[in-house]
Amino acid sequence: KNYLVKVGGIKIGELSWQFKLTDNNYSTKIDLRSKGLLSAIYSFRGEYLSEGINFENQLIPKKYTHFWQTKKTIKNMELEFIDRKLEKIKQSPAEKEKIRLNVFDIHHTNDPLTSFIKIMMGKKNSLVVDGRRHYTMKALSNDNKNQIVVEISNYFNLWADHKRNKFEKIIFEKKNKDFLPSKMFIHFDGRVFRLDEY
C-alpha cells in the first residue's frame, strides 16, 4: 500500500509498505520519502526492512535494518535475532557511550515492524527493540470500533536518559479484510503524523 504523510494537514512525505507472508517466512519493507512544499526545506528518506520465520502463524524475527537520511545526517541500523532474542546491534555512526540496558538477555523481543504486524494479527502486546530504544506495544480497546490504539509503554532509551519518551502511541484503521491499515496516526514528540492510503 501507498500512503500520504501529513502533519497538521500539510503533506510532508509519501510512504510505501510491502508485506509478504509464506508458509515458512515473512518479510516487510517500508520506504519513506519527503514530498510536498516543505521537502525543499526539510528533505528526508527512510528505508526499513524486517525478515523472519513464520512458525504456525507466529512471526519470529531474524533480521531488521533501517536507513535514515536527511541533509545533515545518515544513519544505519542492523539488528540480528537468534532464538527470539536480540543477538547483535550494528550501527553507523557507532554509539560512543556504553549501552544502559542489557537488551540481549531479554526473551521474546521483536523489531518494531514485526511487533506492529503481530498487533495487527491480533496479539495484545509485543516487546520491541529497535537498536535505540526498548519498549512495549500494547493494543487497547477503543470506542471507535474501526480503530485500534497501540500504546507505547515501559520505554527505555538504550544510549541516553531513560525518561525521554518521544514515541507515544499509534492509532490505525483497516478496511474490510485488508491486512495493512488504510489510515494511521503516529503520535511522536508532540506531533501527530497522519498516513492515508491513496
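Predicted model: local features only at pLDDT ≥ 70, side-chain atom pairs only at ≥ 80, totals over all residues.
**Loops, rings and strands**

Trainee: Where is N176 found?
Mentor: N176 is found in the loop between β12 and β13 (183-188). Strands are DSSP runs of E with at least two residues, helices are runs of H or I with at least four, and both are numbered from the N terminus.

Trainee: What about the phi of N176?
Mentor: The phi of N176 is positive, about 45°, although N176 is not a glycine. N154 also has a positive phi, about 50°, and is not a glycine either. N154 lies in strand β11.

Trainee: Which peptide bond is cis?
Mentor: The one from S92 to P93 is cis, with omega near 0°. P93 lies in the loop between β7 (85-92) and β8 (109-110).

Trainee: New topic: rings. How many aromatic pairs are there?
Mentor: A search of the whole structure finds eight. Rings of Phe, Tyr and Trp (its six-membered ring) pair with centres within 6.5 Å; planes under 30 degrees apart are stacked, over 60 edge-to-face, the rest tilted.

Trainee: How are the rings of F116 and F172 arranged?
Mentor: Their centres are 5.3 Å apart and their planes are at 75°, so the pair is edge-to-face. F116 sits in helix α1 (residues 112-120). F172 is in strand β12 (residues 167-173). They are 56 residues apart, and the pair links distant parts of the chain.

Trainee: Are F116 and F172 buried or exposed?
Mentor: Both F116 and F172 are buried.

Trainee: And what about Y135 and Y155?
Mentor: That pair is stacked, because the ring centres of Y135 and Y155 are 5.9 Å apart and the planes are at 15°. Y135 lies in strand β10 (residues 133-140) and Y155 in strand β11 (residues 147-157), so the pair ties together parts 20 residues apart in sequence.

Trainee: Where does Y135 stand on accessibility, buried or exposed?
Mentor: Y135 counts as buried, at 1% relative accessibility. Y155 counts as buried too, at 10%.

Trainee: Which residues do ring pairs link into a cluster?
Mentor: Ring pairs link Y135 and Y155 with F167 and F188 in a cluster.

Trainee: Now strands. How many bridges join β2 to β3?
Mentor: Nine bridges join β2 (residues 10-21) to β3 (residues 25-34). These two strands run antiparallel. Strands pair if DSSP finds at least two bridges between them.

Trainee: What do β2 and β3 form?
Mentor: β2 and β3 form a hairpin, with three residues between them.

Trainee: Which residue in β3 is the bridge partner of K20?
Mentor: S27 is the partner of K20.

Trainee: And how many bridges join β3 to β4?
Mentor: Nine bridges join β3 to β4 (residues 44-55), and these strands run antiparallel.

Trainee: Which residue in β4 is the bridge partner of R33?
Mentor: R45 in β4 is the partner of R33.

Technical notes: Residues numbered from 1 in each chain as written. Heavy atoms only, no water. Buried < 20%, exposed > 50% of the residue type's maximum accessible area, 1.4 Å probe, protein only.
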